[in-house]
Amino acid sequence: MSKSQAWIDRGISHVAKTYGRYPLVADCGKGSWLLDIDGKQYLDFLAGVAVNNLGHCHPKVVRAIQEQAGKLLHCSNFYHIPQQIELAELLCEHSFGDRVFFCNSGAEANEAAIKLARKYSAENHNPERNEVITAKASFHGRTLAGISATGQDKVKEGFAPMLPGFTHVPFGDIEELRAAVGPNTCAIMLEPVQGEGGVNLPPAGYLQEVRELCDLNQLLLIFDEVQVGCGRTGSLFAYQQEGVEPDIMTLAKALAGGPPIGAMISREQHAVALGPGTHGSTFGGNPLMAAAALATMKVYLEDGVLENCIAMGNYLYGKLKEWQEKYDFIVDVRGRGLMLGMELNIEGGGFVITALERGLLINCTAGKVLRFVPPLTVNQEEIDQMLEILGGIFTDYQEKQND
Ligand SMILES: *Cc1c(COP(=O)(O)O)cnc(C)c1O
C-alpha cells in the first residue's frame, strides 16, 4: 500500500467529514509545485484557494517566520505588538484605510465588518438601521453571520435560523440594488470580483454606481477582498482598478501567503465606533502571523509580483480564450490578473479529478466554472506545462464525445 493510501485510510476515522477530499496527501511544496507523501509532483494552480500567492515556502516568508518563532510566538492584545503595528501601517499606507482590526480568517474579518457597520449605524443613525445588502452568488464565510450574508442557499441548509438583517440582490444589477435600499439599510457588502460564485466580474461602472448609491443614502460600502485582495487581480487590492474606494475592506487568504490571518480595514470616522472592549480576538495579529504577513506584503510590493501577475494573467487568459474556439464545451473565459475562470456547459468536477491524476491541481466552482488561481509568481514555462496537461484532458474528452 502506498504511504498516501495509508494516510487516507487513517483520516477516515477521526477527522471531521466537512470536506470532500481528493486522494492527495500533502507533504511539501516549493514555488508552484506541491509534492505528495509518495513524492509525486503536482503543478499547483489552486494555491490553497488563492492563499499561497507567493508559491509554496517563499524563502523571505519562511525566514521571517523562523526568526519570529525563535523570538516570540504569541502575546496578548492587552499589550502592544510591533509587528502588528508595522503591518497596520503598511496596509493603511497602501489602501484607503486608516485603521486595521486583525483576526484569523476571512469569515472573522467579515464578522468584524458587519459588527462595525451595525455599531456605527446604531450610534450615528438609529439601532433599527442594521440591515446589510449583499449579492446573490456571493461568498462571505462559514460562520453564522457569514452564511447569513452569503447569497447561496447551499451553505445555509440545516443551519436555520439565519441571522436577521440580510437581503440579497443580483450581482451587477444597479436597479435591483437601488430598489433594495430601505430606511433600515446600513451597508452594502460586495466582492469586487465574485470568487466562489464563479469568477464573476462586475459590469463596467457598476461599482462606481454602488459607491454613489452609498453616498446618497449614507450607507457603508464594504468590499470583501478576502479572495481578490493581496495582488490576485494584478493590483494590491481589486478596488484600485475600479476607480472607487470602499469604507471597509476585509482581507485574509493571501495576506500572509499561507499562515492564517485576517484583517478588517476601515476609515477613522467609522473605526471609532469600535472602541476598547467592543470587539476582539485572542490570536488576531499575533507576532508570528503579523511577521509572516509583513514579509509577504513586502514581497508583493517590492519584488515585481504584481507585474508578473498581470503579464502571466494576460498570457494565460489569451491561451484559454483561444481554446474557446477549439473546444465546444467552453462557454466563457473571464477574470482579471491571475484570477481566471472558464465556464463550461457541462459539470467541471470530472476534469478536476483527471487533472489531479495527471499532476495538475485546479478546482471547479459553481458547478461548471474551472478556476485558475496559481501563485502570482508562476512563470510562463509552468503555464505552458499546465496548458499541456489540461489540453490533453480536453482533447481526450472531445474525442470521446465524437466517437
Ligand atoms: C474564502 C472566502 C471567505 C472566507 O474565508 P475563511 O478564511 O475561509 O473564513 C470570505 N469571503 C471570500 C470572498 C472568500 O473567498
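L43 sits across from L360, a residue of strand β13. Before we go on, note that this is a predicted model, where local features need pLDDT of at least 70, side-chain atom pairs count only at pLDDT 80 or more, and totals for chains, interfaces and linings use all residues. Residues are numbered from 1 along each chain as its sequence is written, and side-chain values use heavy atoms, with hydrogens and water left out. Helices (H or I, at least four residues) and strands (E, at least two) are DSSP runs, numbered from the N terminus.

Back to the sheet: it is open, has four strands in the order β1-β2-β3-β13, and its pairing is mixed. At its edges stand β1 (26-30) and β13 (360-361), each with a single partner strand, so one side of each is left without a neighbour in the sheet. Two strands count as a pair if DSSP finds at least two bridges between them.

## Walking across the strands

Let's start with β1. Four bridges join β1 to β2 (residues 33-36), and these two run antiparallel. Here A26 stands opposite D36 in β2. Next come β2 and β3 (residues 41-44), which pair in the antiparallel sense over three bridges, with W33 opposite L43 in β3. The hairpin of β2 and β3 has four residues between the strands, and G39 there takes a positive phi near 90 degrees. Finally, β3 and β13 pair in the parallel sense over two bridges.

## Around the ligand

Which residues surround the ligand? They are S105, G106, A107, N110, F139, H140, G141, E191, D224, V226, Q227 and K253.

A backbone N or O atom of G106 lies 2.8 Å from an oxygen atom of the ligand. For F139, a backbone N or O atom is 3.2 Å from a ligand nitrogen atom. D224 uses its side chain instead: an N or O atom there is 2.7 Å from a nitrogen atom of the ligand.

## N104 in its loop

N104 is found in the loop between β4 (99-103) and α5 (106-124). Its side chain makes a polar contact of 3.0 Å with that of E108 and one of 3.1 Å with that of S281. A polar contact is a pair of N or O atoms within 3.5 Å; within protein, one must be able to donate a hydrogen and the other to accept it, and residues adjacent in sequence count only if both atoms are side-chain atoms. Leaving aside neighbours within four places in sequence, N104 is in contact (heavy atoms within 4.5 Å) with P260, I261, G262, S281, F283 and G284.

Helix α8 (residues 206-217) has twelve residues and reaches 17 Å from its first C-alpha to its last, close to the 16 Å expected at 1.5 Å a residue. That expected span is 1.5 Å times one less than the number of residues. Which residues of α8 are buried? Y206, L207, V210, R211, L213 and C214 are. They cover an arc of only 160 degrees around the axis, which puts them on the same side of α8. The arc is that of the directions from the helix axis to the C-beta atoms.

Buried means under 20% relative accessible area, exposed over 50%, and partly exposed in between (1.4 Å probe, protein chains only). On the face of α8 turned away from its buried side you'll find the exposed residues E212 and L216. The cover over the buried residues of α8 includes α7 (174-180), β7 (185-190) and β8 (220-224).

Key: Near = heavy atom within 4 Å.
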